[in-house]
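Hi everyone, thanks for coming.

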Amino acid sequence: MTSLNVAVIGYGLAGSVFHAPLIAAEPRMRVAAVVTSSEERGAQAEREYAGVRVIGAAEELFADPAGIDLVVVATPNRTHAPLARQALAAGLPVVVDKPFALTAAEGEEVVAAAETAGRALSVFQNRRWDSDFRTLRRLIAEGELGEVRRFESRFERWRPVSKGGWREVGGVEEGAGILYDLGSHLVDQALYLFGPVTDVYCELDSRRAEVSTDDDAFLALTHASGVRSHLWMSAVTPQLGPRLRVLGSESGYVCYGLDPQEAALRSGRRPDDGKPWGAVESDGWGLLGVDGDTRRVPSEPGDYPAFYAAMADALLDGAPVPVDPRDAVAVLRILERARALT
């Protein structure tokens, strides 16, 4: 079987917890190189992936890319687009973590660079493979809701004191803040389900004194299809709302709690450990129906490994990439419109 050698740039949370384990779980891929300036993280990578090459700087990788078949950019947000362009200039296909870039214009430049280089480019919108989202897609496809009229989606947590990382205390110029962090996922899901947006409304706040950018946000989107999406993202929610509440002409669907895959990855579990992956216990299934007549419906298992399986298909067989980067540019346009309103 062909094995694609993957280089992961950045070995913090994104690189070590999300990307590398999912790459290693794909039989046609291996973690061949990790780029990190941290000796501690480099040693961690060497413990976790036999034969991995640890490189101190991305420039070293791009100067000698022989033997690398794919680059994954899992670095701080402000470096996503510049590193993606450098990888493409070195002749390498690229996966970029979200947000794809800091601006839509910057994202368009990366897409153009990929087209010029003739190399595959995709964006890690892994939440398309969340259990709740996959279940909702199934219910919509089966006509269970009738005509969808309102889509409510939340990523909320209760963190009254900041942990101090750059995502919370950094500036807008770094791509910090909850709008670009969690909003990248929520807007992508809304656009993926219901298409282009005609109107945007935004409430954007910084609730904690030590946080210099947004930590509490609400977006209302009106889609050209007529669906209205209401999206909440917050670090300061003392009582969490439903993860999804979707209202249609015939029925509604409500579910609580987060997809289990992130917690599993953070705990050290791996998708290829031989145990069922992404399954939701029956007490976590969502409710479908109308008031007085609802039933629990089985949740589809979450499937983050599907992203790199599809990326392998794209590189080896010419299949479409798992996430079209133009979709990520469309998300950035919405986020820019939202921030401009506040």
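So, the crossing of α6 and α9 is right-handed, meaning that the near helix is turned clockwise from the far one by less than a right angle. On the α6 side the contact (heavy atoms within 4.5 Å) involves F133, L136, R137 and I140, and on the α9 side Q189, Y192, L193 and F194. Helices here are DSSP runs of H or I with at least four residues, strands are runs of E with at least two, and both are numbered from the N terminus.

Before going on, a word on the source: this is a predicted model, where local features need pLDDT of at least 70, side-chain atom pairs count only at pLDDT 80 or more, and totals for chains, interfaces and linings use all residues. Residues are numbered from 1 along each chain as its sequence is written, and side-chain values use heavy atoms, leaving out hydrogens and water.

Back to our pair: the axes, lines fitted to C-alpha atoms over the stretch in contact, with angles from 0 to 180 degrees between N-to-C directions, come within 12 Å and cross at roughly 15 degrees. The two helices, α6 and α9, are therefore roughly parallel, the term for angles under 35 degrees.

Now the arginine. R127 sits in the loop between β6 (121-124) and α6 (131-141). Is R127 buried or exposed? R127 is buried because its relative accessibility is 9%, and the cut-off is under 20% relative accessible area with a 1.4 Å probe, protein chains only. Among the residues R127 touches are F133, H185, Q189 and Y304. Thanks, all!

Terms used
Buried means under 20% relative accessible area, exposed over 50%, partly exposed in between (1.4 Å probe, protein chains only). Angles under 35 degrees count as roughly parallel, over 145 as roughly antiparallel, 65 to 115 as roughly perpendicular and the rest as oblique. Lists of a residue's contacts leave out its neighbours within four places in sequence.
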